[in-house]
Structures are given as C-alpha cells and as structure tokens.
Amino acid sequence: QVQLVESGGGLVQAGGSLRLSCAASGRTVSSYTLGWFRQAPGKEREFVSAIRSISWSDGIAYYADFVQGRFTIYRDNVKNTVYLQMNSLKPEDTAVYYCAGSRYGNTWSKNQGEYDYWGQGTQVTVSS
C-alpha cells in the first residue's frame, strides 16, 4: 500500500510562487505515474499535471491548458517524492491540491479514476 502526503500549501499573493511536495511511503513509486489535481470550492476536482515514470518513458510531463507554462512538475526518485513548482499564481488557482499515483508508469491520464492512490490534499490560497 502506498501513502501519499502533500505539503507546501499556504497563502500567497497573486504573482507569487509556491512549491508543493508529495512524499510517498510504503513502497517506491519510481515506476508510477504521479499527478496533481485540484478542487476549488463548489467545483469538481480537475487535472493539473502528471509525470510518467522515468524508467518507462523518460519522465514525460503533462499539463492542463490553464497552467500556461506557470507550473513545473518534477520527481526525485531517491526521495520518493514528486513536486509541483507553481509560479505566477492567480486567485483562480486557489484550491485544495491533491497528489495522486498510478501504478501504470508508462501511461498517464487526466481522469482521476485512473489513479490508485491519493493524498489528503493541501490548501493553496492566492490573494488578489
């Protein structure tokens, strides 16, 4: 069983930056696809970014259209951790951000149903 724990959320002004971390435990996730989703108040959870396994696919990353080059996802397999560097934050980025893991590291999906493990979420609030 894999446990995912997010950290790094907080309150930031518009235009600022945050780095979210998601530490995995229970087993190594180097062969997993890891992703980030978010859920704003009153809205459904949506895909933000995903990164495939380095061993399966050279760690290819994918982003939602709204990211527009502002976020970067990367992983550290030694630390069993995935990160989401968020720059140029906007008030509409305010949400609870969730880390997710899929056992199938050679593929990826925007569909949250394709992910096997989830963290508890970390709140990101961007003030205008």
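How many bridges join E7 to strand E8 (residues 81-86), and in which sense do the two strands run? In this predicted model, local features need pLDDT of at least 70 and side-chain atom pairs count only at pLDDT 80 or more, whereas totals for chains, interfaces and linings use all residues. Residues are numbered from 1 along each chain as its sequence is written, and side-chain values use heavy atoms, with hydrogens and water left out.

E7 and E8 run antiparallel and are joined by 6 bridges. Strands here are DSSP runs of E with at least two residues, numbered from the N terminus, and two strands pair if DSSP finds at least two bridges between them. Within this pair, Ile73 has Leu84 of E8 as its bridge partner.

Both strands belong to an open sheet of 4 strands, in the order E1-E3-E8-E7, with antiparallel pairing. Strand E1 (3-7) and strand E7 (71-76) form the edges, each pairing on one side only. On average, neighbouring strands of this sheet are turned by 15° against each other, direction ignored; the angles lie between N-to-C directions of lines fitted to C-alpha atoms and run from 0 to 180 degrees.

Strand E9 (residues 95-102) is mostly covered, with 7 of its 8 residues buried (under 20% relative accessible area, 1.4 Å probe, protein chains only). E9 runs antiparallel to strand E4 (residues 33-39), to which 7 bridges join it; Thr33 has Ser102 in E9 as its bridge partner. Strand E11 (residues 122-127) is joined to E9 by 3 bridges, again antiparallel, and Tyr97 stands opposite Thr122 in E11. E9 also pairs with strand E10 (residues 117-118) in the antiparallel sense over 2 bridges, where Ala100 has Trp118 of E10 as its bridge partner.

Definitions and conventions:
Buried < 20%, exposed > 50% of the residue type's maximum accessible area, 1.4 Å probe, protein only.
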